[in-house]
Amino acid sequence: MEGENHTTVTEFILLGLTTDPEMKLLLFAFFLAVYAITVTGNLLIVCLVVFEPSLHTPMYFLLGNLSFLDFCYSTITAPKMLVGFLMRTNTITYGGCVSQIFFFHFIGGIKIFLLTIMAYDRYVAIFYPLRYMAIMNGTIFDGLIGASWVGGFVHSIVQVAIIVQLPFCGPNVLDNFYCDVPQVVKLACTNTFAAEYAMFINSGLVTTTCFILLLISYGALLIKVKMGSGQGKNKAASTCITHIIIVFIMFCPAIYVYCHPFRDFPFDKLVGFFHTVVFPLMNPMIYTLRNKEVKVAMLRMLRKYKPRRNK
């Protein structure tokens, strides 16, 4: 019998952020606005990168990919959360929960590897500026992007493979607004130490290692930039600082969620909310506010659109 799948739970109940009906309506309006801005902002950057010739460079192609992934990342959790605000009881099927975990970690894994590629891109641009286009040629670049998707898939499939082996026979209440590994594992009717340890290595340790390596890399890049004397010194430093901000926004909540023991902590829901709903909005805001080329491209696109609108 030990080899059988003992799962009898067919659905999970998501408690969400609140149970107060009036507060639910207020939060629905607020989060609907946040989600709409997130989708619009990220898709706007994708359109800029696709249609604006001045942004057809490896760095901005990576930025466009990151914005597309942020759009997907928020879409995995936000619509279900918004529906939950309008329902008395918000439920998700077992299959839907596993699917949400898969896509959540699939997109999250790609983002982690993509940020690593962005760091490598800046390394080549700063240390080998004259050979930048030769090194970051189409073949190498496409290979790196493909590898990030493969890495995200492998990371995610390992998470799902561990989850589906666990027996769930009740209770079925998740104290969250979306399905994720830490909350789901706690509901298994078996000893979950091995599963928790495996997931800590696959998520927590990998995330923390990448975070430390990225900080060291960008620190070295900033030192190299400060020691230089070229005309693009300030621009290169600004780009590195922007990337560091994104790294902190992406990694710090993930490290908090996946590196502590699988027990409830006071800030779990708040960190999860910022990690899944708010922070995908921050990337387009930061890049738009700090990046001159993106702002110029956006104004150029608006000028192209206005005459057509007036005709």
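**View 1. Strand β1 (residues 11-14) is joined to β3 by 2 bridges, and these strands run parallel.** The model is predicted; local features need pLDDT of at least 70 and side-chain atom pairs pLDDT 80 or more, while totals for chains, interfaces and linings use all residues. Residues are numbered from 1 along each chain as its sequence is written, and side-chain values use heavy atoms, without hydrogens and water. Strands (E, at least two residues) and helices (H or I, at least four) are DSSP runs numbered from the N terminus. Two strands pair if DSSP finds at least two bridges between them. Leu14 stands opposite Leu174 in β3.

**View 2. The open sheet has 3 strands in the order β2-β1-β3, with mixed pairing.** Its edge strands, β2 (90-93) and β3 (173-174), each pair on one side only. Helix α3 packs on the sheet and touches β1, β2 and β3, contact meaning heavy atoms within 4.5 Å. The direction of α3 makes about 80° with that of β2.

**View 3. Helices α5 (residues 138-164) and α7 (residues 193-227) have axes that come within 10 Å and cross at roughly 170°.** Axes are lines fitted to C-alpha atoms, for helices over the stretch in contact, and angles run from 0 to 180 degrees between N-to-C directions. The crossing makes α5 roughly antiparallel to α7 (an angle over 145 degrees). From α5, the contact is made by His155, Val158, Gln159, Ile162 and Ile163; from α7, by Ala195, Ala198, Met199, Asn202 and Ser203. By class, this contact has 6 nonpolar, 4 polar and no charged residues. Ala, Val, Leu, Ile, Met, Phe, Trp, Tyr, Cys and Pro count as nonpolar, Asp, Glu, Lys and Arg as charged, and the others, Gly among them, as polar.

**View 4. The largest cavity holds about 140 Å³ of space.** A cavity is a set of points on a 1 Å grid over the protein atoms alone where a 1.4 Å probe fits but cannot get out; lining residues have an atom within 4 Å of a point. The structure holds 5 cavities of 30 Å³ or more. Of the 13 residues lining the largest cavity, His105, Gly108, Ile112, His155 and Tyr258 lie nearest its centre. Helix α3 gives the most to this lining, with 5 residues. The lining of the largest cavity divides into 6 nonpolar, 7 polar and no charged residues.

Notes. Angles under 35 degrees count as roughly parallel, over 145 as roughly antiparallel, 65 to 115 as roughly perpendicular and the rest as oblique. On a 1 Å grid over the protein atoms alone, a cavity is a set of points where a 1.4 Å probe fits but cannot get out, and a pocket is an open set with protein on both sides within 12 Å along at least five of seven lines; lining residues have an atom within 4 Å of a point. Grid points are joined across faces, edges and corners, and a volume is the space filled by probe spheres set on the points.
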